[in-house]
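Here is a short note for a colleague who is new to this entry. Please have the sequence and the model open while reading.

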Amino acid sequence: MNNVKKGIVYLLIAVLCVTQLYPLFWLLTYSLKTNEEILSGQFFALPKSPVWENYSNAYNAGHYLKYLSNSVIITVTVMVCVILFSSMVAFAITRFRFRWGNLVMLIFLLGMMIPLQSTLLPLMIIFRDAHILDTRWSLILPYVAFSTPIAVFILSGFMKTIPHEIEESAYIDGASIYRIFRSIIIPISIPPVMTVCILTFITIWNEYILAATFISDEDLKTLPFGVYSFVSQYQTNYGNIGAFLVMGALPVILLYFILSEKITKGMVAGAVKG
Amino acid sequence: MNVLKVPARTIAVFILPALLLYVCIVFIPIGVSFYTGTLDWDGINTAKHVGFDNWHRMLFDDPYFWPAVRHTLMYSVFSMAEIPICLLMAILLVRFIKKPNRIVSIYFTPVILSVVIIGQLWSTIYSPESMGGMLNSILDSLGLDSWKRGWLTDPKIAMYSIYIVSLWQYFGYHLLIQFTGVQNIPSEIYEAAKIDGADGFKADRYITLPMIVPILKISLILAFIGSLQSFDMVMVMTQGGPAHATDVISTHMYNSSFLSQQYGYGSAIASFLVVLCLVFTVIINTIMDRVERRFS
Amino acid sequence: MANKLKMLSAVAAASVLTLSLAACGKDNNANNASPAESPAASSSTANGGQVNNGEKVTITVQNIYVDETTPTAKGLKQVVEAYTKEHPNVTVELDTLNTDQQKQKLKTQAAAKTIPDITMVNPAAQMQPFVEAGLFAPLNDILDKDGLKDTYQSGLLDYYSFNGNVYALPDGNNIEVVYYNKDLFSQAGISSPPTTFDELIDDVKKLKAKGITPIAIGEKDTWTGSFLFMNILLRTNGGPGFLQDVLDGKKTFEDPAFVEAVDAFQQLVEAGAFPEGATSIDANAGANLFKSGKAAMFVIGSWETGAIDGSTVGQAGNAAAFQFPTVNGKGDPNQFMLAPGTAFAVSANSKNVEVAKDFLHFMTSQWPSIQFDLKNAVGQPQLMKGDLKAAGYSDLAISVLDLFSKVNGGDLAFDNTMKPAIAQVHLTSLQNLFVQKVDSASVAKEHQAAYDANK
């Protein structure tokens, strides 16, 4: 009885692995096929001979490096800002004694429910008046703003669990708040901070709508926008599209597999205590 | 308990930057949105004030609005229905696999991909056979000819096709959350229960479930909010078509604003969405709090 | 660093290009005497050298030429390089988006009054809101310079004029024709193209019986179906002007001509004329169905001629075109759906209006000769001179150009005539017909209701 049960469970897990991963594998083979092979509908077949030109085409025509570097610059900047801001807010809400802690938390939570796309037009007008349209700031500011609530949520959940004795003793010894924050709280909070890093990274890296609308300078475009433009441009060369899609996903996938352990650990620390 | 007594200035330093940025970027535009909902504006010329006309039209005169609401709510129901399955898989992983982290990472992979990529990928899977569509080709080779469909073009099933893609993508996400929750339950409790004679699924009923309720709440709320706002996925795959068959509230708003150039009307829809989200969050929170109380 | 490299390669390319442009110019001058088509060499005298007092300036040219292999994209690049070589103080930035992205972005920018120096718009009703809001600068002055105005086909600029001022210069002027694959036709036993709608339905059935997709279409992009439908309406209405009559209050959408057109359209759908899953195929993929020889017919604008020539079907000499048939005995085959091209407009609020206008003047002066050499003479808005056969144009191109000479009136597309809100209802309503049968009278009612609500 037990073995049958075990067998079923293993089968189930394996099937899920396949369904989750197969489309990605298919994308990979797709990117190495010629158009005829793709359209012939033999999806299980491996490419007869890998068409590496798809990748070089995509690389050259798609301005891959430029978009990649823009995405990196923006994402890293946003991540730094988000971690800074959200940790400060989470620290304040969970440790300081003041009246409006819950109100601040509520404000951030409310904001989580606001759909990004409905702020598109108003933000455009605000940015135009502030003369920051079509600059990196027009993306960095909204990205930071929209990522902060979840970060505050996760970090405050974690910080609530830090025993108070830790700061109390430091405080009594005369350490300033800033010192406590910098030298004690932050180091302890590394796991949820990692989670926040990763979640923010994924969201910002893949963001498309704001980037497409606020940025028109070719030199500032980010990767998802590049992917989308490329796809609409090369509608009929599916191999090229596949290659560009793979190249677009590659950075995130690599980063993810390197850091996957940290994600799990971080989620344990943070999300659980919400 | 918050114990640090700090001068107001320090509080300001820690909180104000983030708060101000947030209010400016998020709340003020929403306010502007509510205001724009009272206008008749084509986005280019001057606007006319029409009070609640847009809301009236939206709630009573627009034949595509309530179907869009229905689609959105069904989206949420499907997203939330996935969570018990994620919980089940999480429990199975913890129980039966020695090093489950690797598998969880595998399941999580679709989450990190951009919507553009996933949309493209699944659009191709759902394509008609003549265009190299994987699904119909598989059905064909399995001899299940009659099961072939226009997955994204048949108005009756297109919406479900999109739900499936979303479920596929977020399966790993919710699984991870539940997984960490289950892992967090100290094994001593299980051991104690075993001694008392309860193990396997009985243990689950009396231990895992009650302890996982807070995590479930998080998952459910995230799934719900996420699906209410669902936009990118539908936009990339069908733009709400064909002929409004896959419209959700957000795409209807987008099409009204940017395609039909009725920004006032679109803003009214956006405002409705915000209200809907708020209302439902309160509802879910209340229900979950009650469930939590019952179980603890 | 990237900028320096760009400039260096631009200068290098520009020098090579100027040399080849000069060479082309010599050939053209031998065939004609029109001054407006003169190449780079003479335009420098026309400009008098300096713009913006020699001060550094950057202008943005928003365009829809995403596919870098097309003649329009290549032409634009050539023009930019030539212009910046001549005016080194000017940097031209290209903001290139696909059609839908550009339309949407322009609307967002219009609302915030941040329209780029030069952008692209569609004629008549689609550009009207922008003109009414005073967002575009009148271009009469550059049209009067060097006789630029006369290089355009007569009457074409009317579609871009309001209150006596021209606000945009088109990049094309096309008509809707029916391309067909001679080889597939003979495979299905069709000896000659249909001249009546009944014959068309018949041919559709014959092709379907042979497992050939009768008509290619990419209805994920809803304008494609609408363009075809409007051709039917042009016939059932006995002539152009139906939409204008509706606008003037003389007719409503419930007029029998409209209902008849909807009926005929649904007949096509029911006969299986369109590919499976048409509403998930976008315009480019739809075009590809024809170009790769999978579909027998393609009802589309003449702008596709160049691409079809270059495709496998064209290269094999199998591509030809015929005029849209009469419907139920009505309509004149010499009346076509007209597609005046997307046009370049200058932002009235731009800080560099004069530079932008100068660039536009330069570009449109160069355009005919550049496009002629890129084998894109079909569908040009300006008069083309040159021996086509000698220049290596295909039989298809020559026959399509021939059709142009037959034009005896026509209509603009629905979304170029009606407000966006009404156009959207029309587009989605039509898209719906691809996936289910609907009572034609209720389709008419839906159109009328949308019209009444959005007048």
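How many residues does the contact take from chain B and from chain A? The contact takes 71 residues from chain B and 72 from chain A. Two residues are in contact if their C-beta atoms, placed from the backbone, lie within 7 Å.

1. Basis. This is a predicted model; local features need pLDDT of at least 70, side-chain atom pairs count only at pLDDT 80 or more, and totals for chains, interfaces and linings use all residues. Residues are numbered from 1 along each chain as its sequence is written, with chains lettered from A and ligands numbered from 1 in the order in which they are written.

2. Chain B against chain A. Helix 1 of chain B (residues 8-36) gives the largest share of the side that touches chain A, 16 residues. Helices are DSSP runs of H or I with at least four residues, strands are E runs of at least two, and both are numbered from the N terminus.

3. Domains of chain C. Domain 1 covers 8-20 + 51-167 + 342-380, and domain 2 covers 174-339 + 397-454. The bounds come from an automatic or database domain assignment. The C-alpha centres of the two domains of chain C lie 30 Å apart.

4. Where the domains meet. In chain C, ten residues of domain 1 are in contact with 14 residues of domain 2.

5. Chain C overall. Chain C has 18 helices and 13 strands. Of the contacts in chain C with a separation of 6 or more, 79% join residues 24 or more positions apart.
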